[in-house]
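Visitor: I have a new model open on my screen. Could you show me how to read its surface, its core and its charged pairs?

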Amino acid sequence: MSTYANVLTIAIPVFFFLVLVEILYGLISKKNYYNLMDTLSSLSSGITNLLKDLLGIGIIIISYPFIKKSISIIELNESILLYFIAFICLDFASYWNHRLNHSINFFWNQHVIHHSSQEFNLACGLRQSISNLLGYGAIFLIPAAIFGVPHKVISFLAPLHLFGQFWYHTKHIGKLGFLEYIFVTPSQHRVHHAINTEYIDKNLSAIFCIWDRLFGTFQEELENVPCVYGTLKPVNTWNPFIINFQHLWYLIVDAWHTRNFKNKIKIWFMPTGWRPDDVKALIKRDKIIDVYNQKKYNIEYDNIHVFFALFNFMYINAALWFLLTGYDELGYNLKIFYSIFILTTIFGFTSIMDSYKWASYIEFLRLIMGITFINNITELENFNFYFFNFYFMFSVFLTLTISNYLPKENKMG
């Protein structure tokens, strides 16, 4: 994990810099596709995902080394050819894993957050899941296992493969000529994120678009059908944790309330969005019918809310930087402190910005616990101790102030 942490110290500043460049370009060209809280929600989602990976949270159902040991036929020597074959196999596996996520109710929960933004930009590309807690993806790497691709090669290429999917989350790049027949491009991925009838569940490839063309899921971006982004059942929240598990909660509720025992089991394995008829009549949920007239989730904020959100986001990134740059030297207690601080802060400030009635109470509880906790950590250096103490003390004042100036709309609770 220390190698991954070191890679992130380079990758994260690059990603954030490119997001900033796209924002500035949009403002200059008067084609800005960013919303403050949507952007902070996207970037915070990416942070929760990398923390999940760093902490090793999840259950491995089936591992790649086990599959390789069981079915490998040949052993390729260390060469450029080995890495090329491994990358192709990884991309093939990504296509089928992605297709599964779009096809089955249960698996959609671990992917919905990536589609939850009603904007399409580079920040949206960083919306990654923390609900993919079951490690079953190795089953799609059977071709790599047959070729005897070492696990270390897969582990090395996997982050590069993921990072390679960042750049095409943009509306500022048009079609790219002959490259449209080889690689996944911004035009193709705009189609993938769109909820138009013509585009839904299309273009599932990650790097090479050949898989979509081979398996019947390719759709070109049409000039007369402008892409509309988001999900057909809008999440209506900025909170990454709620987005990650909202669909799962809906499945649990529907499975509980349906009177047909068969449907209690069936709902988990049916196509994405399927619900039993009796539950549809009993529990209504928002669903977009006319994609061109959908109302985007948006809350009217005062300047104090903007300051509150940016202040918390700054501290999240500071804590993340302390964690990543000192990952090899940090003790267990500090790693846990930084991780809990980041995750709870994301939950707290996005809930406040959503204007949930319970959010300020949760925030006060979090801050009081933080003040108590930080004064019992002896490993913190002086600078960090005062840095975080200031955060907790000032945040109490800020939360008291902002609780009297809640955002203008309340979507829940």
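Guide: Happy to. A nonpolar patch joins nonpolar side chains within 5 Å, taken from residues with over 30% relative accessible area and no salt bridge. Keep in mind that this is a predicted model.

Visitor: Which residues make a nonpolar surface patch here?

Guide: Ile71, Ile73, Ile74, Ile139, Ile142, Ile146 and Phe147 make one of about 550 Å². Take isoleucine 146, which sits in helix 7 (residues 142-146). Isoleucine 146 counts as partly exposed because its relative accessibility is 33%.

Visitor: And the inside? Which residues touch the most other members of the largest nonpolar core?

Guide: That core has 60 residues, and Leu54, Tyr338, Ile342 and Phe388 are the ones that touch the most other members. Helix 14 gives the largest share, twelve residues. For a closer look, pick isoleucine 342: leaving aside neighbours within four places in sequence, its contacts are Ile47, Leu51, Ile316, Ala319 and Leu320. A second, separate core of 20 residues has Leu90, Leu141, Val149 and Val153 among its members.

Visitor: Now the charges. How many salt bridges are found in the whole structure?

Guide: Ten. One of them pairs lysine 280 with aspartate 277, at 3.5 Å from N to O. These two are three residues apart in helix 13 (residues 277-282), so about one helical turn separates them.

Visitor: Is aspartate 277 buried or exposed?

Guide: Exposed, because its relative accessibility is 59%. Lysine 280, at 41%, counts as partly exposed. For contrast in setting, lysine 68 bridges to glutamate 75 at 3.3 Å, and lysine 68 is buried, with 18% relative accessible area. Finally, look for Asp254, Arg275 and Arg285, which are linked in a salt-bridge network.

Technical notes:
Residues are numbered from 1 along each chain as its sequence is written. This is a predicted model: local features need pLDDT of at least 70, side-chain atom pairs count only at pLDDT 80 or more; totals for chains, interfaces and linings use all residues. Side-chain values use heavy atoms; hydrogens and water are left out. A nonpolar core is a set of buried Ala, Val, Leu, Ile, Met, Phe, Trp, Tyr and Cys residues joined through side-chain atoms within 4.5 Å. Buried means under 20% relative accessible area, exposed over 50%, partly exposed in between (1.4 Å probe, protein chains only). Helices (H or I, at least four residues) and strands (E, at least two) are DSSP runs, numbered from the N terminus. Contact means heavy atoms within 4.5 Å. Patches are made of residues with over 30% relative accessible area and no salt bridge: like charges are joined within 9 Å, nonpolar side chains (Val, Leu, Ile, Met, Phe, Trp, Tyr) within 5 Å. Accessible areas come from the Shrake-Rupley method with a 1.4 Å probe; for residues, only the protein chains shown count as cover. A salt bridge is a side-chain nitrogen of Lys or Arg within 4 Å of a carboxyl oxygen of Asp or Glu.
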